[in-house]
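Please open the model in your viewer and keep the selection panel at hand.

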Amino acid sequence: MHDIAPSTPASAADHAAATGRRGELLLRVSDLVVGYGKAEVVHGVSFDVHAGEFVVILGRNGAGKSTSLQAVSALLPKRGGKVEFAGGDLTQAKPPQVVGAGLVQVLEGHRVFHALSVEENLMIGTWTRGRRGDRTRLERIYALFPELADKRHQPASRLSGGQQQILAVGAGVIAEPRLLVLDEPSAGLAPMVITRILEAVSALCREGMAILLVEQMVETALRFADHGYLIETGRIVGEGRAEAIRHSDALRSVYLGRHATA
Ligand SMILES: Nc1ncnc2c1ncn2[C@@H]1O[C@H](COP(=O)(O)OP(=O)(O)OP(=O)(O)O)[C@@H](O)[C@H]1O
Ligand SMILES: [Mg+2]
């Protein structure tokens, strides 16, 4: 694996200084193997997220990003590997236990309940962690995403694709997870809206919510992230501080192929 911020640290403190990672370890995924039918598509992926950290996983279409995230969240079966979260072992956990432990994933493709109103969709987000909807948290979401406030009593089916995506993010945020996992929240959104969503989640991150993001908007994602991993055909091929990744050859080779010069 290509270490983009190379270091041979003598101690944990040196390691933290060299890698820029802060906070206690929150999620550790080790040697994750996932597949569909006869095909194995994730071949031993490992990555960490520390408490309060913003981590991004970058890679081309079909690299295995969604598959990895869904296996971590127990939405797909694991063929191998280990998932440790907040000091517990979630390797064999079912989705409700994963959510109960504070790991909430917003799925790719703005999945919301079309027949329910915007507010009802958000309320479901509050139930997932056993905290029935209180107004304060709803109002917080409306402040972060005013377009949802304007349409709070309308059925979600009447939102645009981009607004549904924002609603899906809002329903994840309102659960107040320790780790919010976002799988391509930018899909179908205008650049300014993407920036606003990432600004909103960054603000939550500064308040202590860890973020694990998969994103095709590479430049934008790296602007907000602390740490990044590069994935190529089901393997992690690089990691480092977001700033170092941004200027790395490894990033270019993942997106443009090994012999890219531009
Ligand atoms: N339900 C499925 N059945 C069979 N193969 C699948 C299924 N979902 C994904 N795959 C395959 O697994 C591999 C990884 O897919 P995955 O969806 O994890 O990629 P990704 O990195 O999230 O890509 P994208 O950026 O396009 O969302 C791809 O080769 C894909 O064709
Ligand atoms: Mg995907």
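A salt bridge is counted where a side-chain nitrogen of Lys or Arg lies within 4 Å of a carboxyl oxygen of Asp or Glu. The model on display is predicted.

**First selection: Glu219 and Arg246.** Please show both side chains. Glu219 and Arg246 form a salt bridge, with 3.3 Å between the closest N and O atoms. Because Glu219 belongs to helix α9 (residues 218-224) and Arg246 to helix α10 (residues 242-246), the pair ties together parts that are 27 residues apart in sequence. Are these two side chains buried or exposed, or something in between? Glu219 is partly exposed, at 44% relative accessibility. Arg246 is likewise partly exposed, with a relative accessible area of 24%.

Next, select Glu119, Arg135, Glu139 and Arg152 together. Salt bridges with shared partners join Glu119, Arg135, Glu139 and Arg152 into one network.

Which kind of interaction do the side chains of Arg137 and Glu176 make? They meet in a salt bridge, at 3.8 Å from N to O. This pair links distant parts of the chain, 39 residues apart: Arg137 is in helix α5 (residues 135-144), and Glu176 is in the loop between α7 (161-173) and β8 (179-183). Arg137 has a relative accessible area of 10% and is buried, since buried means under 20%. Glu176, at 38% relative accessibility, counts as partly exposed.

Lys82 forms a salt bridge with Glu84, and their closest N and O atoms are 4.0 Å apart. Lys82 is partly exposed, with a relative accessible area of 37%. Glu84 also counts as partly exposed, at 29% relative accessibility.

**Final selection: the whole protein.** Now clear the selections and show the complete model. How many salt bridges are there by this rule? The count comes to 13. In a cartoon display, the protein has 11 helices and 11 strands. Of its 262 residues, 51% count as buried. In a surface display, the accessible surface comes to about 12000 Å², and carbon and sulfur atoms account for 53% of that area. Finally, among contacts in the protein with a separation of 6 or more, 69% are between residues 24 or more positions apart.

Definitions and conventions: Residues are numbered from 1 along each chain as its sequence is written. Chains are lettered from A and ligands numbered from 1 in the order in which they are written. This is a predicted model: local features need pLDDT of at least 70, side-chain atom pairs count only at pLDDT 80 or more; totals for chains, interfaces and linings use all residues. Side-chain values use heavy atoms; hydrogens and water are left out. Helices (H or I, at least four residues) and strands (E, at least two) are DSSP runs, numbered from the N terminus. Buried means under 20% relative accessible area, exposed over 50%, partly exposed in between (1.4 Å probe, protein chains only). Contact means heavy atoms within 4.5 Å. Accessible areas come from the Shrake-Rupley method with a 1.4 Å probe; for residues, only the protein chains shown count as cover.
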